[in-house]
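Please read them with the structure open.

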Amino acid sequence: MSRWLVTGAAGQLGQSVLALAAEYEIEASAYPRAELDIGDAAAVARSIEETRPDVVLNCAAYTKVDLCEAQPDEAARANELGPRLLAEACKAGPLLVHMSTDYIFDGETSRPLLEDAPANPLGVYGRSKLGGEEAVRASGANYLIVRSQWLFGPGPNFVRTIVDRAAEGQELRVVEDQIGRPTWTRSLAAAIFQAVKRGARQELHLACDGVASWYDLAREAVLGAAKRGLCPEVPVRPIPSREMPRPAARPAYAVLGLERARELGIGLPHWREALSDYLDREAARDHA
């Protein structure tokens, strides 16, 4: 079996990776934030020495986009310094798979973004994630940078928040002028395993098929959750971003291009199909 060290193991993607690892003949050592601060060089070196992994999967990140604007040092520690320390520790052998994001792009386009599209982040979060990518590339380590977007999976996420608010019976107002690819972390985890097995290196975009606005995703989530008895079918009203100002700017159209993944024979399901499977699991959990 292949040995993997997973940082940020308590997050959405980390949990999904651990849940699927055995199916892909992977022995995963889980390191949640409480057990490994990737901004601590000694702790990073110690964890790799103890586990001797074939692959280090970095799911750790500071992802609170709006809070990053007020806490740039925390963002930099998790999203720039941490990946640099991991990459330096991996130069001796392990492949580093580093998770990144569509927020490194400005979204001022109308076409899906390929891996080599120019980066131009709009805020602190995107700049810190881009800094992490640059540190990994400059390290000399064997690496794969995986960019994904709009994740939903175990624990707190946009879909769960929408369903919870709908369960309170309130009308929902959701922005319709930001476009991306909603991605189920379980599908993403499987795709990461496949990408590593097929020898993918450098940069790779992995996300569910199809595109949506946040409004599209919210409306589909409410309809699907209502059918499963998770909430009533409350109204969902589309609004422009200007009616919901946030501290951090978001890219308007940062749809990740998936051509390279398809060339590798890696395809994630359409986001509607993935959302349906996710809601089935949520319903089973809630009704257990």
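1. The crossing of α4 and α5 is right-handed. Keep in mind that this is a predicted model. The two helices, α4 and α5 (residues 124-138), pack at about 15 degrees, and their axes lie 8 Å apart. Angles under 35 degrees count as roughly parallel, so α4 is roughly parallel to α5.

2. Which residues make the contact of α4 with α5? From α4 come Pro-72, Ala-75, Ala-76, Asn-79, Glu-80, Pro-83, Arg-84 and Ala-87. From α5 come Val-124, Tyr-125, Arg-127, Ser-128, Lys-129, Gly-131, Gly-132, Ala-135 and Val-136. By class, this contact has nine nonpolar, four polar and four charged residues.

3. Ala-75 sits in helix α4. Its relative accessible area is 0%. Buried means under 20%, so Ala-75 is buried. Leaving aside residues up to four places away in sequence, Ala-75 touches Tyr-62, Cys-68, Glu-80, Val-124 and Ser-128. Leu-258 is 183 residues from Ala-75 along the chain, and the C-alpha atoms of the two are separated by 28 Å.

4. Now the other partner of α4. Helix α2 (residues 41-51) packs against α4 (residues 72-90) at about 40 degrees, with 10 Å between the axes. The crossing in which α2 passes α4 is right-handed.

5. Where do α2 and α4 touch? On α2, the contact uses Ala-41, Val-44 and Ile-48. On α4, it uses Leu-85, Leu-86, Ala-89 and Cys-90. The residues of this contact divide into seven nonpolar, no polar and no charged.

6. How many disulfides does a search of the whole structure find? The search finds zero. Cys-90 is in no disulfide, and the nearest cysteine sulfur, that of Cys-59, is 13 Å away. The cut-off for a disulfide is a pair of cysteine sulfur atoms within 2.5 Å.

7. Are Cys-90 and Cys-231 buried or exposed? Cys-90 has a relative accessible area of 1%, so it is buried. Cys-231 stands at 9% relative accessibility, and therefore counts as buried. Cys-90 is also one of the α4 residues in the contact with α2.

Conventions:
Residues are numbered from 1 along each chain as its sequence is written. This is a predicted model: local features need pLDDT of at least 70, side-chain atom pairs count only at pLDDT 80 or more; totals for chains, interfaces and linings use all residues. Side-chain values use heavy atoms; hydrogens and water are left out. Axes are lines fitted to C-alpha atoms, for helices over the stretch in contact, and angles run from 0 to 180 degrees between N-to-C directions. Helices (H or I, at least four residues) and strands (E, at least two) are DSSP runs, numbered from the N terminus. A crossing is left-handed if the near helix is turned anticlockwise from the far one by less than a right angle, and right-handed if clockwise. Contact means heavy atoms within 4.5 Å. Ala, Val, Leu, Ile, Met, Phe, Trp, Tyr, Cys and Pro count as nonpolar, Asp, Glu, Lys and Arg as charged, and the others, Gly among them, as polar. Buried means under 20% relative accessible area, exposed over 50%, partly exposed in between (1.4 Å probe, protein chains only). Angles under 35 degrees count as roughly parallel, over 145 as roughly antiparallel, 65 to 115 as roughly perpendicular and the rest as oblique.
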